[in-house]
Amino acid sequence: LVAPEARPQVADQFAANLVWFDEQALLPGRSYILRTETDQASATVSDLKYRVNVNDFAQEAAKSLAMNEVGVVNISAQSPIAFDSFAENRTTGAFILIDRITNATVGAGMILHTLRRADNIHWQSLEVSKSARAAAKHQKPGVLWFTGLSGSGKSTIANLLEKKLHASGRHTYILDGDNIRHGLNRDLGFTDEDRVENIRRVAEVARLMVDAGLMVIVSFISPFRAERRMAREMMGEGEFIEVFVDTPFEECAARDPKGLYAKALDGEIKNFTGLDSPYERPENPEIHLQTLGKSPEEMVEILESWLSERDIADQQYDDGGGI
């Protein structure tokens, strides 16, 4: 209980000072668990405004924070939380960030103030629901999320699968990594920070398409488990199917359909996944496609069988879930 004149602020976006604890650098756009004295919510660092030099307090441009570094950031939570500024109340104005994979505390912060835009944006209720859109298409919406190294066969298999689903009357759309980088994500490079933002954006697009009642096929390298988990948590129960297109690095390099491996091995391309940028293999994908010695058509048969055994591609929508 508080006095009427001392009510806390309630918002889903705020500015804060942040101290980073983890050996793995802070990556803006990555989803963490934000915990305050009274609330908990999924949250991202939406903007790293600057790093603070602890020796002279100078403001330095930065794209990430390393262990023990301090920065001023904007935080965006998935749901509103109640808080005070740290200057007003050190208990309700403090928070920690927790890694979603390891459950380790990776950062601690002090809230400065709410962001003005958080007060001016409100969710608009819509008359037509996801279930109504899906029912009109006579299908269950959801996401088949293909992940794997460059050249593993993701796009080829995804294209063949979409042809089969489309021929059977399903309403589908493919979000392909290269195609998206020609438009929506053309401003992003291949640093870890940009890869995180790349997946955050496409996951948001996929969520909108699922809300429209579509069966969405996402074909992205998506190298980090944290971002694949973030994408999964954006969807409803049963709406996210992770498909690991498992092709060894050596086989992908031998195929090299776009000539990228040759350039990367010659040092012409930096931050190349599987070489000098990590690929974190899925630990428990719904579908694990081991491609060595098998054709793309055989991979699609495995996918169709998996979907058919679970009555997914043939079922109409009900409120029990998605694909």
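Across the interface of domain 1 and domain 2, the rule finds two salt bridges, a salt bridge being a side-chain nitrogen of Lys or Arg within 4 Å of a carboxyl oxygen of Asp or Glu. This is a predicted model, in which local features need pLDDT of at least 70 and side-chain atom pairs count only at pLDDT 80 or more, while totals for chains, interfaces and linings use all residues. Residues are numbered from 1 along each chain as its sequence is written, and side-chain values use heavy atoms, with hydrogens and water left out.

**Exercise 1.** Locate the two domains and state how far apart their C-alpha centres lie.

*Solution.* Begin with the bounds, which come from an automatic or database domain assignment: domain 1 covers 9–114 and domain 2 covers 130–319. Then take the C-alpha centres of the two domains, which lie 31 Å apart.

**Exercise 2.** Describe the area buried between domain 1 and domain 2, and name the residues of domain 1 that supply 45% of its share.

*Solution.* Buried area is the accessible area (1.4 Å probe) that two parts lose on being put together, summed over both. Here the two domains bury about 1,000 Å² between them, with 56% of it on carbon and sulfur atoms. On the side of domain 1, R30, R100 and I101 supply 45% of the area buried against domain 2, more than any other three residues.

**Exercise 3.** Find the partner of R30 in a salt bridge, and count the residues in contact across the interface.

*Solution.* R30 forms a salt bridge with E227, and their closest N and O atoms are 2.7 Å apart. Counting contacts (heavy atoms within 4.5 Å), nine residues of domain 1 meet ten residues of domain 2.
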